[in-house]
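Visitor: I am new to this structure and would like to learn how to read it. Could you show me around?

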Amino acid sequence: MEVILTDSVQNSLQNLMHRNAIFMCERLCAEFPSEKNLHLLASCYLQNKQAHCAYHILKGTHMAQCRYLFALSCFQMDLMNEAEAALSPNESSAEVPNGAAGHYLLGLVYRYTDRRQSAINHLNQALSMDPLLWAAYEELCILGAADEATSVFDEGASLCIQKQYIHHGLASQSLQAPNEEHDIASNRNISSEDVSPRKLKHIHRNNVRDISGNSQGTTNQPLNGGPASFPYYNTPSPMAVYSQLSGVPPPPIIRNAQPNVPNMKTYAADNSPRVTVNSVAGPRRKIVDEGKLRKVSERLFSDSGHRRSMRLAGDSVNTNSNASIVSGNGISHSSKCHGGSKLSSMVSRSVTIRKGQSWASDNADEGDHHDVYDDSRLHITTSISSLSSDNKSLELEGASRSSGAAVLSSSRIIDGASDTFSLLRLLGEGFRLSCLCKCKDALTIYMNLPQKHYNTGWVLSQVGKAYFEMVDYLEADRAFSLARIVSPYSLEGMDIYSTVLYHLKEDMKLSYLTQELISTDRLAPQSWCAMGNCYSLQKDHETALKNFQRSVQLNSRFAYAHTLCGHEHVAVEDFENGIKSYQSALRMDSRHYNAWYGLGMIYLRQEKYEFSEHHFRMAFQINPFSSVIMSYLGTALHALKRNNEALEMMEKAILADKKNPLPLYQKANILVSMSNLDGALAVLEELKEYAPC
């Protein structure tokens, strides 16, 4: 019952039928309460987005997998202290549960509780345990602590993955090989020329039946629902199959049959047909004396017997000479190890028949036995024995093919791992440079990607973000538009795209984008960010603020939504709530320079110049390539009467973006305050050329 219920739950989860999985798993836990089953039930609830249910189910459990799921549910419920306690090594376990995934989750916990160095350590640990854990590298890039992608996704990481997959592949081969050999032997054991189609069909249907020494011989059971008088055919024993592979001849087939019956039937006194195929039966009565049995054995395996191929006959005789030894009341079989084959030696030890067993069959209904042998047995036995040499060659050929397939599979794994990490090096380096605000270098990396990877939603969104950071809104619009065409279902970067359209004042495109995003997923924070930007462009700041707050409700860790809330508070001069929103964004992401910039703007307007200079400088340290940040930092320095530093900063801002008129204007103001009127006039003339209106 436990197996059936577990299989039902897993099948439901595989088909995303979460309600059915939860119901069946509750029955499972009620009938068989254990932490293993509780873990499965919690998985059902988590996949159904019911973290609170998983939290209460797993609270107090000790199994490593249960602790991981409990920590995951705590993380989703913002219970960071409990999540950390569940993941931290304790007395029962000296390691973080669930390996790389556990370290990754613990790194996230440390990140959102403002313990940056601990977060970096665990994320690096997760990445070292699983080099394909891209999410860990992504978090390291966001934290600004990622190593170069060439050193992370290097040959060492590739070798690690190769070893894992090659080992897994070889283990799978070793598990599948015995079954494949058994199937080959079963299919080739009996020639279709010697067995009737009806029997061949039934053998195929029952090829998984194992007739051991404890079976009760031929059973007269109905076949396919027919009357009991029809014979029930038994398949050959696996012992006999393995004996063919190892070169041991099958035992002689001895039947009680009428002399003129062409097939393998035997008739009893009641004229009911019965069939006996060389099955290993339990202890039976001795019906043939040892002398007759020895004669039959000599007759079957001598060179004078009727054979279909003299070449096969010679091979069979040389291989199988002295293979049958009559002793006591039974027959024991032995074989030599051919070529050091492990399979042959294994079979030679396993085919010994217990004393008292016989390969001959008796008639259960009649006491009289007819010791009659027809010539049809010779063809059956010789055809099987003649195939033994072919089976050996097939076994060797199959082994060589398996080894060749293993080599081919290993080479594929090596090539695949190399190609995978080559791709990850490009993507990782581009994302790392983008997070460090080195957008030009990041764009160069992305341009080197293969076209099929460049033309994907994620890459095009990253390209759009890079142009956005460079204040090239037209190119950003083009990249995001292509991303929408390639993957219209994806919301990756759409919050940034809506801001691009806001700066371009494309109200129609922004409105259309908002409607598309809401219809795609109205529970995504990006959708409500686009909606807020749409209202903000219309100067409806209160409605825009409500939409941004809705985005925060949907994902409290979405730093950009907190920042947009701050912008709207500042637009209505609600500086106190604006500061709170910016600080909330920084708690989610301490490197979110937009929030540092927003705080600097608030303090600048409040004439708190020292605070303003501090926050602008923090933003400048994170993004030292932004002309806008440098301009306002220079303005704060000028307000603090540090004109030389202010001029130097303005020069940097002008070089960073010559199309930005703000640093030129501020530079002129600084020169005027320093009584350098000629210099100020020259700067204003230059500004007139860039911004004639």
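Guide: Gladly. Let us begin with a term: buried means under 20% relative accessible area, exposed means over 50%, and partly exposed lies in between (1.4 Å probe, protein chains only). This is a predicted model, in which local features need pLDDT of at least 70 and side-chain atom pairs count only at pLDDT 80 or more, while totals for chains, interfaces and linings use all residues. Residues are numbered from 1 along each chain as its sequence is written, and side-chain values use heavy atoms, with hydrogens and water left out.

Visitor: Which residues of α8 are buried?

Guide: In α8 the buried residues are Ala119, Ile120, His122, Leu123, Ala126 and Leu127. They pack against α7, α9 and α10 (149-152); a contact here means heavy atoms within 4.5 Å.

Visitor: How are helices such as this one picked out and numbered?

Guide: Helices (H or I, at least four residues) and strands (E, at least two) are DSSP runs, numbered from the N terminus. The protein has 33 helices and four strands.

Visitor: What span should helix α8 have?

Guide: The expected span of a helix is 1.5 Å times one less than its number of residues. Helix α8 (residues 116-129) has 14 residues and should span 20 Å, which agrees with its end C-alpha atoms being 20 Å apart. Helix α32 (residues 662-673) has twelve residues and reaches 17 Å from first C-alpha to last, close to the expected 16 Å.

Visitor: What covers the buried residues of α32?

Guide: The cover includes α30 (627-639), α31 (643-656) and α33 (677-690). The buried residues in α32 are Pro663, Leu664, Gln666, Lys667, Ala668, Ile670 and Leu671. Just after α32, Ser675 takes a positive phi of about 65°.

Visitor: How many salt bridges does the structure hold?

Guide: A salt bridge is a side-chain nitrogen of Lys or Arg within 4 Å of a carboxyl oxygen of Asp or Glu. The structure holds 13 of them. In one, the side chains of Glu139 and Arg111 meet at 2.4 Å, N to O. That pair links distant parts of the chain, with Glu139 in helix α9 (residues 134-142) and Arg111 in helix α7 (residues 99-112), 28 residues apart. Both Glu139 and Arg111 are buried.

Visitor: Is Arg484 buried or exposed?

Guide: Arg484 counts as buried because its relative accessible area is 11%. Its side chain meets that of Glu516 in a salt bridge of 3.0 Å, N to O. This pair also links distant parts of the chain: Arg484 sits in helix α21 (residues 473-486) and Glu516 in helix α23 (residues 507-520), 32 residues apart. Glu516 has a relative accessible area of 25%, so Glu516 is partly exposed.

Visitor: Where does UniProt place the feature "repeat: TPR"?

Guide: UniProt positions are given in the numbering used here, feature names are shortened, and annotations may be inferred rather than shown by experiment. The unreviewed UniProt entry places this feature at residues 100-133, 525-558, 559-592 and 593-626. Over residues 525-558 the chain is 79% helix and 0% strand, with end C-alpha atoms 8 Å apart. Residues 559-592 are likewise 79% helix and 0% strand, and there the end C-alpha atoms are 7 Å apart.

Visitor: And how do I read the protein as a whole?

Guide: Of its 693 residues, 47% count as buried. Among contacts between residues at least 6 apart in sequence, 57% join residues at least 24 apart.
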